[in-house]
Amino acid sequence: MVVGTNLASRFFLFTALLFAAPISFADSEHDSDLIAELISLRSAADSGVIRLDDDGVSRFLTSVSTPRPYSLIIFFDAVDLHSKSEFRLVELRREFEIVSASFIANNNGSDVTKLFFCEIDSTHSAASFHRFAVESLPHICLVDPWMDNLQDESGQMERGDFEGLAESMAEFVERRTKLTVGPIHRPPLLSKTQIAIITALIVISIPILIKKVLKGETLLHDHRVWLSGAVFVYFFSVAGTMHNIIRKVPMFLRDHEDPSNIVFFYGDSEFQLGTEGFAVGFLYTVVGLILAYVTNALVVYLDNWKTGYEIHPYWPSSWH
Amino acid sequence: MAALESPPPGTPSAMRHAFGSVLSALILLLIGVLAFSIRLFSVIKYESVIHEFDPYFNYRVTQFLSKNGIYEFWNWFDDRTWYPLGRVIGGTVYPGLTLTAGTIWWVLNSLNIPLSVETVCVFTAPVFSAFASWATYLLTKEVKGSGAGLAAAALLAMVICSIGIRLIFLLVNIMAMTLIGYWMSCTLFSIGVSFSGIFHKCLLIGFQNVSFLSKWLSLQVPSYISRSVAGSYDNEAVAIFALIFTFYLYIKTLNTGSLFYATLNAIAYFYMVCSWGGYTFIINLIPMHVLLCIVTGRYSPRLYIAYAPLVVLGTLLAALVPVVGFNAVLTSEHFASFLVFIIIHVIALVYYIKGILSPKMFKVAVTLVVSIGLVVCFIVVAVLVALVASSPTKGWSGRSLSLLDPTYASKYIPIIASVSEHQPPTWPSYFMDINVLAFLVPAGIVACFSPLSDASSFVVLYIVMSVYFSGVMVRLMLVLAPAACIMSGIALSQAFDVFTASIKYHLSGSSNSKDDAEDKTSTNNASKDDGSAGKTDKGEESAKERSSRKGKKKEREPADKPSVKSKIVKKKALVLPFEASIVALLLLIMLGAFYVIHCVWAAAEAYSAPSIVLTSQSRDGLHVFDDFRESYAWLSHNTDVDDKVASWWDYGYQTTAMANRTVIVDNNTWNNTHIATVGTAMSSPEKAAWEIFNSLDVKYVLVVFGGLIGYPSDDINKFLWMVRIGGGVFPHIKEADYLRDGQYRIDSEATPTMLNCLMYKLSYYRFVETDGKGFDRVRRTEIGKKNFKLTHFDEVFTSHHWMVRIYKLKPQKNRIRGRAKKLKLKTSSSKSAKKNPWI
């Protein structure tokens, strides 16, 4: 029985292919036009991310019958939300560009025409947002050749996939499209000329620095630098700044009932707000500094300094 | 404190010296008694029991050690835990604490003092905290020598003594009261004397007041108390003593340049390595200090002697401890010390060449040597980087990484992030744990900079490092505590010195200057200079004492002294107004008094609860909740000796130690997968959980439930961590399934996954029968699902206050013949007898 169904399905497939052949030839011409157009758009764009508007969406996606000869991976952007850091749009877009640029750089053959990186901005293309049923940002979605319904959630990149930034985005793309993105090329932190200048500066300054160190004239030999450093670290720690960094605590809260009312102190000993921590840390530090000022700057010279031991061999000298 | 060698007898100064040494020895003794007794609140209030969780493991190990001897202990493979894996105890435990307590027990027994192992364990921590306070005294003495401020030490310490001692059992009480009486009279005598003008001099004689103060502070600082109350039989109890003592010996070596102390230092370091994983703090802090000294041009042969033997001997000794082994040379935590070891040799070579060459030749040589040294350093760094980069975690353990990058643990290792003592502290934690010391530390830092010596720079480095690390992990507040004490001791002592000197000046000045025709200002300056000169004399005197102790020394001293004297001449010292100094003195005393009150309160209330026995005060009197021991006793009496008990890992140590039953996971969280398995079982529905537990041969499941009496640290409150840790290994457990709109709740709004998971069911089974509504007093809500039956578990025991509930896994059901046959036909080939159920 199983063998029977298999045969039958193969037969159907064969006939379907026979009938479809002429149509697909006509299509393929149109397809190659589209691909050529996408390639030209891509080469014009920064790091190969094509900016799509509503027309572009209908031209490259909705009006092309499936299977399309290419996949599109679309980043939904909103310029007016760039200022809000909690959406991480700027950061994610930069990572997206890195993936795109790496994909183009790593692939030369036919693969490079099978996947295009695009972005759609909400200010100019609200209709497309609606068409893709984008409700929240960040939103990245892969439109594979067979996808008819653009609201289909299967192509959507899950939050976990862009958490790890470019690497996990590339992994997502590879998993879904079976194309290889290859190693990620991050732009180096500093350009080559900058590196050259810095190395030159370091090389020049090394002898000077060594001389200074040997003479004992550097900033490091200034007690005041160390003193203020030590006091600063103390302030930093007792203010609970590390807690604020790890928990990503805001500096202050707004009252739920009355938004004009700003809350600086939080009523729980396990938690603190940024300003609160700094205020108390400042208090901790300043009291001690006042005491130090009173005892050191105002007053008598104190001799409670222990020095004057000399070097001697194994046993303490009093034992001889 | 050793008796000071005094000048020729008969002179008044000799009398003062004798008086000084007797008084210091007495104060030291009292401080030891105080340090011991302030930690006995838990024994008085509860009983002589071991606290918390980890101490139970240490107790069990000590029992084993005392019963079977050291060789058996070294080779001990424990099959009672981490079933079915087991655990090699000898090779995975820091043996310092166990060996210490075992030795104490053995010595006492051979002296025919028959104390039980448990008693020894309970009192090890208080005894060692007395040692720790003496070590702090020594360390501070090395750093900042003598100073003023005995009055403060006396006034403040007296308060705490009388408060603390009232609660101690009779014998100590009588003894200490006698001593205090004597001490009080001494103090009163000295105070009385002070107003006749000798006060200041008296204060300066021989007393190492700075150190007394810091010691007095350290013996009662709450954050240290928290880990060293009687019964808290944990590694930190002896480790803090070892830490301070190692630092003391390092400073001592640095000051004396004696190889003898360097050797002792390595041995103290070895003891520290034996005791606590926190030894990496030492082996990173000391190299940092050495590097700092080199960079700021403070290299001296003494520095070399203090450092090089420590690295060589210390590393060799550390490698002898099985739990450290080759980690002492292979992991990144130790690399800093080797790098600095190389650097110090390069520098030593430079100095040596500088010594044998003429200045001109040296200039030529220096370029050569430095460049060669740099090349060598670069090569070594490159090799290290290559080595380190080849290991997956870059050679750092998770805990260390979370110190360097504080966000590391919260991102990647839930099992580290889940422990409450690994959370970052907020400012109230600082107030709770170091209290007024937090205000005094900056003054201490400033005092250490005027002037900066090798020793004081070390203490500054110590406080800076420890305060930073304590900011990352609240647990490391423990390392911060001694540093904060030393700093505050220095600050307080300096402040007292200044204020008492001002008062003394005004008192003596007013009596003298009236009949003096001399210019007021000149008197001012003269007597001031006099005062300071007197002080310098005193300083010199005390330095001489030290030097006379050390032998010939005066000849070398002038090298330092002229600069000191010239400084005094340069400094036209002002004296604070009389009223201002009185007020400031009173303020400081009040600050100290507040500290005493806070510390006694913290020791009595906050840190003395054993957490195995709980109490609560209500209108109708004191309630004692002894459910844990009740349940462990039930387990040991009613179950078979080879039965396996599953619970969340918090209760593993207690179950093995008190019930003597095999557990699946315990507080030594070495196998994340195993813990995740238990977490997954607790988060799964009943049937799946039963399969997981059955595959692990578990007979009983133990849950801790606080809903009836309002005990907040129960399993329901820890449950999200079980889900997270379980989900980290088995992805079908998703945290979101247990949360309604991101909120963790157990009422009728809870998700079905939550209401059906094993933890919910075992906790709330029959709970509605207690009050008819099922009101949870921890979560302050009615539970979501009230009437349900268990299909795969039987309730076998619920403790008096419902805090511990024990369930037995139901035996596998007999299969119905017909159904079984059908099933067999259908799935004949696919099913294996016992497949791994959670994959």
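## Salt bridges in chain B

Glu735(B) has a relative accessibility of 28%, so it counts as partly exposed. This is a predicted model. The side chain of Glu735(B) meets that of Arg724(B) in a salt bridge, at 3.1 Å from N to O. The pair links distant parts of the chain. Arg724(B) sits in helix α32 (residues 715–729) of chain B, while Glu735(B) belongs to the loop between α32 and α33 (752–756). The two residues are 11 apart. Arg724(B) is also partly exposed, because its relative accessibility is 28%.

Another bridge joins Lys687(B) and Glu691(B), with an N to O distance of 3.3 Å. Both residues lie in helix α31 (residues 686–695) of chain B. They are four residues apart, so about one helical turn separates them. Glu691(B) has a relative accessible area of 31% and is therefore partly exposed. Asp747(B) and Arg745(B) form a further salt bridge, at 3.1 Å from N to O. Here the partners fall on opposite sides of the 20% cut-off for burial. Asp747(B) is at 13% relative accessibility, so it counts as buried. Arg745(B) is at 27%, so it counts as partly exposed.

## The wider salt-bridge count

## Aromatic pairs

Over all chains, the structure holds 44 aromatic pairs. One of them is formed by Phe241(B) and Phe245(B). This pair is stacked, with 5.5 Å between the ring centres and 20 degrees between the planes. Both residues lie in helix α11 (residues 235–256) of chain B. They are four residues apart, about one turn of the helix. Phe241(B) counts as buried, because its relative accessibility is 15%. Phe245(B) has a relative accessible area of 27%, so it is partly exposed.

Chain B also contains an aromatic cluster of Phe705(B), Tyr760(B), Tyr764(B), Tyr765(B), Phe767(B), Phe788(B), Trp802(B) and Tyr807(B).

## A nonpolar patch with residues from both chains

Which residues make the nonpolar surface patch of about 430 Å²? They are Ile198(A), Ile202(A), Ile206(A), Leu374(B) and Phe378(B). Helix α7 (192–215) of chain A and α17 (359–389) of chain B each supply at least two residues. α7(A) gives the most, with three.

Ile206(A) is placed in helix α7 of chain A. Its relative accessibility is 34%, so Ile206(A) counts as partly exposed.

## Chain A overall

Chain A has 10 helices and six strands. It holds 320 residues, of which 36% count as buried. Its accessible surface comes to about 18700 Å². Carbon and sulfur atoms account for 64% of that surface. Among contacts in chain A with a separation of 6 or more, 62% are between residues 24 or more positions apart.

## Leu81(A) in its loop

Leu81(A) is found in the loop between β2 (71–77) and α3 (89–106) of chain A. Leaving aside neighbours within four places in sequence, Leu81(A) is in contact with Phe87(A), Leu89(A) and Leu137(A). Ser63(A) is 18 residues from Leu81(A) along the chain, and their C-alpha atoms are separated by 30 Å.

## Confidence

The predictor gives the complex an ipTM of 0.73 and a pTM of 0.71. Chain B averages a pLDDT of 76, and 74% of its residues score at least 70. Among the elements of chain B, helix α12 (residues 259–275) has the highest mean pLDDT, at 95. Helix α7 (residues 150–166) of chain B has the lowest, at 28.

Over residues 146–212 of chain B, the pLDDT is below 50. This stretch has 127 contacts in the model beyond near neighbours in sequence. Residues 828–834 of chain B also have a pLDDT below 50. That stretch has three contacts in the model beyond near neighbours in sequence.

Methods. Residues numbered from 1 in each chain as written. Chains lettered and ligands numbered in written order. Predicted model: local features only at pLDDT ≥ 70, side-chain atom pairs only at ≥ 80, totals over all residues. Heavy atoms only, no water. Contact = heavy atoms within 4.5 Å. Buried < 20%, exposed > 50% of the residue type's maximum accessible area, 1.4 Å probe, protein only. Areas by Shrake-Rupley, 256 points an atom, 1.4 Å probe, with all protein chains shown as cover. pLDDT = per-residue confidence, 0-100. Patch = residues over 30% accessible without salt bridge, like charges linked within 9 Å, V, L, I, M, F, W, Y side chains within 5 Å. Salt bridge = Lys/Arg side-chain N within 4 Å of Asp/Glu carboxyl O. Phe/Tyr/Trp six-rings, centres within 6.5 Å; stacked < 30°, edge-to-face > 60°.
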